[in-house]
Amino acid sequence: MKELLVLFISAFVLISGCIGHGDDRMSLKVTSVFKNGEPIPSRYTCEGADISPPLRVEGLSDKAVSIAIIVDDPDAPMGTFVHWVAWNIPPVSEIPENIPKKGVVESPIHVVQGKNDFERIGYNGPCPPRGHGIHHYHFKIYVLDTQLNLKPGATKRDLEKAMKGHIIQYGELIGIYERK
């Protein structure tokens, strides 16, 4: 219960700058090869190719300067586990699958990536402990009014701090996964 409260407060603090400005900043629609609340294909997990899934973004503001991504799992046994931290993505309607696992990526699109809780750069997919049940993976997309001055390898906490006051839109897609 305490972890859920901390997660809620963290999310509220991050997006609170998006509320009450007279427009709908929560209108960003995020889709992928899996639907909201449905299983993530194993290709995008540790039991498959472990590559990032494609993410489609609809309703992008014409004021967008960059996109940031945080993917995490609040169901992890030791608390929320971070799977991907990325930023300075150009305002595109689709982030392709299989973003290379390095600090600065120029192709297929420009991305700067941070360190996840596997202590690696880039995306590492769902990999919950066997028998731990279904985990929920939150693919959070933040549209920003600026580029961020963060070095590759920054953490989720670093990214959240840098984004504060710059989030103009937010959208989220939740996928589930269970290892048996």
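A salt bridge is a side-chain nitrogen of Lys or Arg within 4 Å of a carboxyl oxygen of Asp or Glu. I looked for such pairs and found that the structure holds seven salt bridges.

**Ground rules.** I am working with a predicted model, where local features need pLDDT of at least 70 and side-chain atom pairs count only at pLDDT 80 or more, while totals for chains, interfaces and linings use all residues. I number residues from 1 along each chain as its sequence is written, and my side-chain values use heavy atoms, with hydrogens and water left out.

**Entry: salt bridges.** I began with Glu-97 and Arg-43, whose side chains meet in a salt bridge at 2.8 Å, N to O. This pair links distant parts of the chain, 54 residues apart: Glu-97 sits in the loop between β5 and β6 (104–105), and Arg-43 in the loop between β1 and β2. I take helices (H or I, at least four residues) and strands (E, at least two) as DSSP runs, numbered from the N terminus.

Next I checked accessibility, calling a residue buried under 20% relative accessible area, exposed over 50%, and partly exposed in between (1.4 Å probe, protein chains only). Glu-97 is partly exposed at 28%, and Arg-43 is partly exposed at 41%.

Then I turned to Lys-156 and Asp-72, which form a salt bridge with their closest N and O atoms 2.6 Å apart. Lys-156 is in helix α2 (residues 156–163) and Asp-72 in strand β3 (residues 66–73), 84 residues apart.

**Entry: disulfide.** I counted a disulfide as a pair of cysteine sulfur atoms within 2.5 Å, and the count came to one. Which cysteines form it? They are Cys-46 and Cys-127, with sulfur atoms 2.2 Å apart. Cys-46 lies in the loop between β1 and β2 and Cys-127 in the loop between β7 (111–113) and β8 (135–144), so the pair ties together parts that are 81 residues apart in sequence. Cys-46 is partly exposed at 30%, and Cys-127 is partly exposed at 27%.

**Entry: sheet.** I let two strands pair if DSSP finds at least two bridges between them. Three strands form an open sheet in the order β1-β2-β5, with antiparallel pairing. The edge strands, β1 (29–31) and β5 (94–95), each pair on one side only. Two bridges join strand β2 (residues 55–58) to β5, and I saw Arg-56 standing opposite Glu-94 in β5.
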